[in-house]
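Dear colleague,

I am passing on the structure we spoke about, and it is shown just below. After it you will find my notes on what turned up, for you to read alongside the coordinates.

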Amino acid sequence: MRKTLCKSLLLPLFASLSFSISAAPATQPGTPSAVVQTAATVDVNKADVATLQSELTGIGKSKAEAIVAYREAHGPFTSVDELLEVKGIGSALLERNRDKLTLE
């Protein structure tokens with residue numbers, strides 16, 4: 001009875017360990033275990049509607065079109081803060097994307 005009890009307790013333990021080990025993500029030797037992703041930057045003076053829409057948080061098609069229309073009507077942006085002049089772009093939305101925005 002003792003052997004049966006030990007087997008019935010150890011089998012689920014070893015099975016769960018093998019599942020957790022096989023489910024762990026594989027890392028290659030020589031690479032850091034934490035993956036560092038760098039955010040892509042978007043040049044607001046050169047980006048098209050599709051790029052603005054896909055790369056910026058909270059920017060849909062209409063806001064991306066408004067940014068491009070403003071740029072075409074008023075010339076290139078001289079600062080990132082000038083985006084506040086675009087209809088639909090508020091300070092919270094600008095701050096959420098500030099680290100992704102560049103001017104060239």
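**Overall picture**

The protein chain has an accessible surface of about 7,700 Å², of which 60% belongs to carbon and sulfur atoms (areas come from the Shrake-Rupley method with a 1.4 Å probe, and for residues only the protein chains shown count as cover). Please keep in mind that this is a predicted model, in which local features need pLDDT of at least 70 and side-chain atom pairs count only at pLDDT 80 or more, while totals for chains, interfaces and linings use all residues. Residues are numbered from 1 along each chain as its sequence is written, and side-chain values use heavy atoms, with hydrogens and water left out.

The protein chain has four helices and two strands, which follow one another along the sequence as α-β-α-α-α-β (both kinds are DSSP runs numbered from the N terminus, helices being H or I with at least four residues and strands E with at least two). Of the 104 residues in the protein chain, 23% are buried, where buried means under 20% relative accessible area, exposed over 50%, and partly exposed in between, with a 1.4 Å probe and protein chains only. Among contacts between residues at least 6 apart in sequence, 47% join residues at least 24 apart, a contact being heavy atoms within 4.5 Å.

**Helix α3**

α3 has 14 residues and reaches 20 Å from its first C-alpha to its last, close to the 20 Å expected at 1.5 Å a residue (the expected span is 1.5 Å times one less than the number of residues). Its buried residues are A64, I67, V68, Y70 and R71. They cover an arc of only 155° around the axis, which puts them on the same side of α3; the arc is that of the directions from the helix axis to the C-beta atoms. As background, an α-helix has 3.6 residues a turn, so residues three or four places apart point the same way. The face of α3 turned away from its buried side carries the exposed residues K61, S62, E72 and A73, whereas the cover over the buried residues includes α2 (49-55). Just after α3, G75 takes a positive phi of about 90°.

E82 is buried, at a relative accessible area of 17%, and, leaving aside residues up to four places away in sequence, E82 touches Y70, P76 and F77. The C-alpha atoms of E82 and L94, twelve residues apart along the chain, are separated by 9.9 Å.

N45, in the loop between β1 and α2, also counts as buried, with a relative accessibility of 16%. A polar atom of the N45 side chain lies 2.6 Å from the backbone nitrogen of F77. With residues up to four places away in sequence again left out, N45 touches R71, P76, F77, L103 and E104.

**Salt bridges**

How many salt bridges are there? The count comes to three, a salt bridge being a side-chain nitrogen of Lys or Arg within 4 Å of a carboxyl oxygen of Asp or Glu.

E104 pairs with K46, the closest N and O atoms being 3.7 Å apart. This pair links distant parts of the chain, with E104 in the segment after β2 (101-102) and K46 in the loop between β1 (42-43) and α2, 58 residues apart. E104 is exposed at 66% relative accessible area, and K46 is exposed at 59%.

D81 and R98 meet in a salt bridge at 2.7 Å, N to O. That pair, too, links distant parts of the chain, D81 being in the loop between α3 and α4 and R98 in the loop between α4 and β2, 17 residues apart. The side chains of E95 and R98 form a salt bridge at 2.8 Å, N to O. D81 is partly exposed at 41% relative accessibility, as are R98 at 30% and E95 at 48%.

Definitions and conventions
A polar contact is a pair of N or O atoms within 3.5 Å; within protein, one must be able to donate a hydrogen and the other to accept it, and residues adjacent in sequence count only if both atoms are side-chain atoms.
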